[in-house]
Amino acid sequence: MLPLGVRSDKSMPVLSFVLTFVAARFSAQAGGGGEPDEGALLARIARGDREAYRTLYERLSAQGLGLALRVLGSRAEAEEALQESFLDVWTRSGQFDAARGNGRSWVLSMIRNRSIDRVRTRGAVARMVDRAESDAATLPRHGETPADALVRSEARAQIQSAMAELTEEQRHALELAYFEGLSQSEIAERLGEPLGTVKSRVRAAMDKLGRLIPKDRGRA
Amino acid sequence: MTCAEFKELVGAYALGALSPEECAACDAHLSSTTTHEDCWHALSDANAAAALVAMSVPAVTPPPAVWAAIERRLDRAAAPAPRRRSTEWVAWTIGVAALVLVFFIARDRDRLNDQVKLASAASQRVQQERASCATDLEHARADADTQHQALELLSRRGTKLIALAPQPSDDTTRVASVMFNPESQRAFLIGHGLAAPTGKDYQLWIIRGDQKIPAGLLHGDAAGGAIVAAIDPKLLGTAPDAIAVTLEATGGAPQPLGPIVLVGKI
């Protein structure tokens with residue numbers, strides 16, 4: 001059964017349980033009969049497996065487009081960034097190192113970096129144009145069952161709940177770093193805060209989120 | 001950098017929020033062969049936490065066109081392109097050959113233009129020389145004809161040969177004789193040393209009583225060769241009394257003004 005009812009309980013143990021469940025649905029089940037995790041897909045992609053590539057795209061493209069849209073603020077630019085990022089995934093999948101993190105983190109970081117690069121090099125002229133689209137309804141993707149979509153929605157809701165656990169200052173520092181690509185020094189300058197304060201906020205925020213990571217997945 | 005220092009920074013490292021120097025220090029630490037205190041696990045967790053930040057935003061399903069565009073790009077990159085390469089190679093070869101050809105044509109065009117100009121000038125010179133030769137030949141033919149007629153007249157019966165006396169009598173630089181046939185009223189002057197100085201011409205005169213009738217200019221051979229000049233028969237209708245040569249200004253004169261250098265009584 002899906003743990004849909006746990007949203008009301010924002011306690012860390014429950015949230016960690018949900019994330020573990022999501023990981024079980026979407027990630028590694030090495031040696032089992034379930035779906036391969038993103039790391040395994042990347043290994044197959046590195047050998048030129050187009051089917052694995054399609055599977056990875058179906059699994060991460062919606063989250064990737066949401067991320068690119070959040071960074072760029074323009075739907076058209078976000079779709080271009082998504083396209084470029086997945087082409088990067090195809091050509092650079094051989095460089096994926098599971099010791100540094102899981103495949104999902106690697107793909108999302110590529111999308112994030114591509115989007116940040118676009119912001120830096122082109123300037124987000126149309127940044128505000130499609131901002132409203134970031135709230136667009138999430139539709140089930142090709143090859144995704146309604147149950148999967150529900151899990152995905154539930155997982156995002158739980159992650160958003162986890163983000164809500166952060167203080168406003170911590171969340172703001174995190175968002176400036178991740179979505180706007182600012183360094184801690186630039187964040188301090190932007191906010192008019194001491195650098196040490198910003199570093200503490202970032203570290204505390206990442207520690208909180210890190211406690212949500214199922215350790216068996218993180219070690220996989 | 002120690003492992004403890006790395007783990008202090010690993011969250012910001014995963015977020016991409018470090019300065020370039022800090023980032024390089026973290027990279028160097030991970031690359032070091034020292035025994036790490038769970039650094040890789042810390043990094044993996046931090047990356048997973050950063051992914052949670054990414055997943056906190058609403059997912060947006062991309063339109064099918066995005067995947068279609070990705071597939072097109074992959075197909076284009078994967079498709080073998082020997083024909084295209086071959087076409088490109090041929091195109092480049094033709095292009096380079098055309099450039100080389102244009103270069104040589106441009107270079108040779110100037111050279112050919114110069115050659116055409118030289119050839120044209122040479123041709124002009126040849127034409128002039130040909131015309132000059134034709135004139136010379138015409139003159140030579142006329143001279144030969146005159147000499148032939150003079151010889152023919154000389155062989156006729158009744159032809160008189162009158163030697164013209166130099167004036168002064170001891171001047172031997174100019175020598176001339178006139179052959180005259182009263183019956184046919186034809187006469188020729190034969191002489192040499194009759195090349196006139198610059199600005200002067202020797203002029204022949206028919207003298208009849210008090211009349212001094214101009215009978216033409218004598219153009220002697222500058223090399224000192226003999227000349228033969230025909231005398232207009234119209235001037236000989238009535239037998240002349242004498243024939244004289246004067247040295248006149250260039251072009252001659254209607255009446256003798258210069259000194260008489262040769263004279264002979266008929």
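Biologist: Which residue is the bridge partner of B:Ala163 in E2(B)?
Modeller: B:Ser177 is the bridge partner of B:Ala163 there. This is a predicted model, where local features need pLDDT of at least 70, side-chain atom pairs count only at pLDDT 80 or more, and totals for chains, interfaces and linings use all residues. Residues are numbered from 1 along each chain as its sequence is written, while chains are lettered from A and ligands numbered from 1 in the order in which they are written.

Biologist: How many bridges join E1 to E2 in chain B?
Modeller: 5 bridges join E1(B), residues 160-166, to E2(B), residues 175-181. The two run antiparallel. Strands count as paired if DSSP finds at least two bridges between them.

Biologist: And what is the strand order in the whole sheet?
Modeller: The order is E5-E4-E7-E8-E1-E2-E3-E6 in chain B. That is an open sheet of 8 strands with antiparallel pairing. Its edge strands are E5 (211-218) and E6 (227-231), each pairing on one side only. The twist averages 25° from one strand to the next.

Biologist: What holds strands together in general?
Modeller: Strands of a sheet pair through backbone hydrogen bonds, either parallel or antiparallel.

Biologist: Which strands does E7(B) pair with?
Modeller: E7(B), residues 242-249, pairs with E4(B), residues 200-208, over 8 bridges. There, B:Ile207 has B:Ala242 as its bridge partner. E7(B) also pairs with E8(B), residues 260-265, over 5 bridges. B:Thr246 stands opposite B:Ile260 in E8(B). Both pairings are antiparallel.

Biologist: Switching to chain A. How many helices and strands?
Modeller: Chain A has 10 helices and 0 strands. Of its 220 residues, 42% are buried. Buried means 20 or more other C-beta atoms within 10 Å of the residue's own; exposed means 12 or fewer, and partly exposed is in between, with C-beta atoms placed from the backbone.

Biologist: At what angle do H9(A) and H1(B) pack?
Modeller: About 85°, with their axes 9 Å apart. Axes are lines fitted to C-alpha atoms, for helices over the stretch in contact, and angles run from 0 to 180 degrees between N-to-C directions. H9(A) and H1(B) are therefore roughly perpendicular, a term for angles of 65 to 115 degrees. Residues making the contact include A:Arg203 of H9(A) and B:Glu8 of H1(B).

Biologist: Last one. Is B:Asp38 buried or exposed, and why?
Modeller: B:Asp38 is exposed, because 12 other C-beta atoms lie within 10 Å. B:Asp38 lies in the loop between H2 and H3 of chain B. H2(B) itself is hardly covered, with 1 buried residue among its 12.

Methods: Helices (H or I, at least four residues) and strands (E, at least two) are DSSP runs, numbered from the N terminus. Angles under 35 degrees count as roughly parallel, over 145 as roughly antiparallel, 65 to 115 as roughly perpendicular and the rest as oblique. Two residues are in contact if their C-beta atoms, placed from the backbone, lie within 7 Å.
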